[in-house]
Amino acid sequence: MNKTSIYGLTLDGLTSWLVENGQKKFRAAQIWDWLYKKRVTDFSEMKNLNKDCIDLLEQHFVIQTLEQAVKQESKDGTIKFLFKLQDGNLIETVLMRFNYGLSVCVTTQVGCNIGCTFCASGLLKKNRDLSSGEIVEQIMNVQHHLDSQGKDERVSHIVVMGIGEPFDNYDNMMDFFRVINDQKGLSIGARHITVSTSGLAHKIREFADENIQINLAVSLHAPNNDLRTRIMKINKAYPLEKLMPAIDYYLEKTNRRITFEYILLHDVNDHKEEAIQLAKLLKNKRHLSYVNLIPYNPVDEHNQYQRSTKEAIVEFYGTLMEHGINCGVRAEQGTDIDAACGQLRSKQIKKNKVTS
Ligand code: SAH
Ligand code: SF4
């Protein structure tokens, strides 16, 4: 059987495991220091551990299971990594440079079952969930790449917006957060982490009860059920009558601002009428709402959708503003390297099919 990555264990998890295996508790902090501060990639480099402990770790874990298959760098500094998992599946991870820091977009599942009609990731059904270790590993791979450049750069922000629906892999996602947020680990502040969901209402409620300060983004994309069901099949299971009360519960419980993502699709959901409907939908929570208008990244297989015109985007934005809704248009990164969700992976898989 393949060994799992030690990055998947929270500090508490590793401590219990060590104690169960006859080791001293304090070893956990030492191991974490090697993993996340000194960032070694081999257990044998953990100099203050005795041989017994190193042997034990080597018997049960590996540090890295991901293999870098492709690395593409964009003119704007965005880097896209395609990783091969132990079972041969491919996933992607993106590093983006902003004026506020370095942000990494991680994948949580191999494929996605939500099947939104505009998305490249949903073209392939979910093959499996990623383990917490495989999600942490994506960040560590990017951090190791930065370390190798010798510029003392740190990953400072995380967006869980890669392939997959994170709330459909909830427990592993939460362990991932615990590992990267821990001060003894990468110590990435909760306020610097954003998770995006297509709207699994019951999980939004569960997330509200977690008592953590991680930011929540909800992919709304339409202000009424008819249109939303057309664009996102998940709206049948979680229509607005279920989704919006879950969001209200989250807002009440956390008093934290939510981001609503809204991809602008030409002549589908980008009319003035939809902007007005959206403003009405968010009216009672506009003090805690931010609408992120996303220019659509065209996907070959979904040629029924095109990007909205500049005029339509400006009008949509203006209408929301007139109605007192906080909003912005997302700046694009790495469009020359297929950096949009799932695109590099789906192209790579097609290429492999043609060549093999
Ligand atoms: N499954 C989650 C998180 C991953 S998708 C979700 O759907 O929220 C992250 C964001 O990228 C979502 O808002 C999604 O709607 C958006 N997205 C997907 N495909 C896109 C495309 N081709 N162009 C622009 N945004 C896209
Ligand atoms: Fe899945 Fe999100 Fe893509 Fe929808 S947009 S198919 S939920 S990854």
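Modeller: Start with one aromatic cluster: Phe-167, Tyr-170, Phe-207 and Tyr-250 form it. Rings of Phe, Tyr and Trp (its six-membered ring) pair if their centres lie within 6.5 Å; planes under 30 degrees apart count as stacked, over 60 as edge-to-face and the rest as tilted.

Biologist: What sits over the ring of Tyr-170?
Modeller: The charged end of Lys-203, 4.8 Å from the ring centre. The test is NZ of Lys or CZ of Arg within 6 Å of the ring centre and within 35 degrees of the ring normal. Lys-38 also lies over a ring face, that of Trp-34, at 4.4 Å from the centre.

Biologist: Before we go on, what are the ground rules?
Modeller: This is a predicted model, so local features need pLDDT of at least 70 and side-chain atom pairs pLDDT 80 or more, while totals for chains, interfaces and linings use all residues. Residues are numbered from 1 along each chain as its sequence is written, chains are lettered from A and ligands numbered from 1 in the order written, and side-chain values use heavy atoms, without hydrogens and water.

Biologist: How many aromatic pairs in the whole structure?
Modeller: The search finds 11. Take Trp-17 and Phe-61: centres 4.9 Å apart, planes at 65°, so edge-to-face.

Biologist: Which parts does that pair tie together?
Modeller: Trp-17 is in helix α1 (residues 11-20) and Phe-61 in strand β2 (residues 61-62), so the pair links parts 44 residues apart in sequence. Helices (H or I, at least four residues) and strands (E, at least two) are DSSP runs, numbered from the N terminus.

Biologist: Are Trp-17 and Phe-61 buried or exposed?
Modeller: Both are buried. That means under 20% relative accessible area, with exposed over 50% and partly exposed in between (1.4 Å probe, protein chains only). Tyr-296 and Tyr-305 make an edge-to-face pair too, 6.2 Å centre to centre with 80° between the planes. Those two tyrosines, Tyr-296 and Tyr-305, are also buried.

Biologist: On to ligand 1. Which residues come nearest?
Modeller: Gly-164, Ser-196, Ser-219, His-221 and Asn-297, out of 19 around ligand 1 (a heavy atom within 4 Å).

Biologist: Where are the polar side-chain atoms of Ser-196?
Modeller: One lies 2.6 Å from a ligand 1 oxygen. Ser-219 likewise places a polar side-chain atom 2.6 Å from an oxygen of ligand 1.

Biologist: What about the shell by class?
Modeller: It has 9 nonpolar, 8 polar and 2 charged residues. Ala, Val, Leu, Ile, Met, Phe, Trp, Tyr, Cys and Pro count as nonpolar, Asp, Glu, Lys and Arg as charged, and the others, Gly among them, as polar.

Terms used: Polar contact = N/O pair within 3.5 Å; in protein donor to acceptor, adjacent residues only side chain to side chain.
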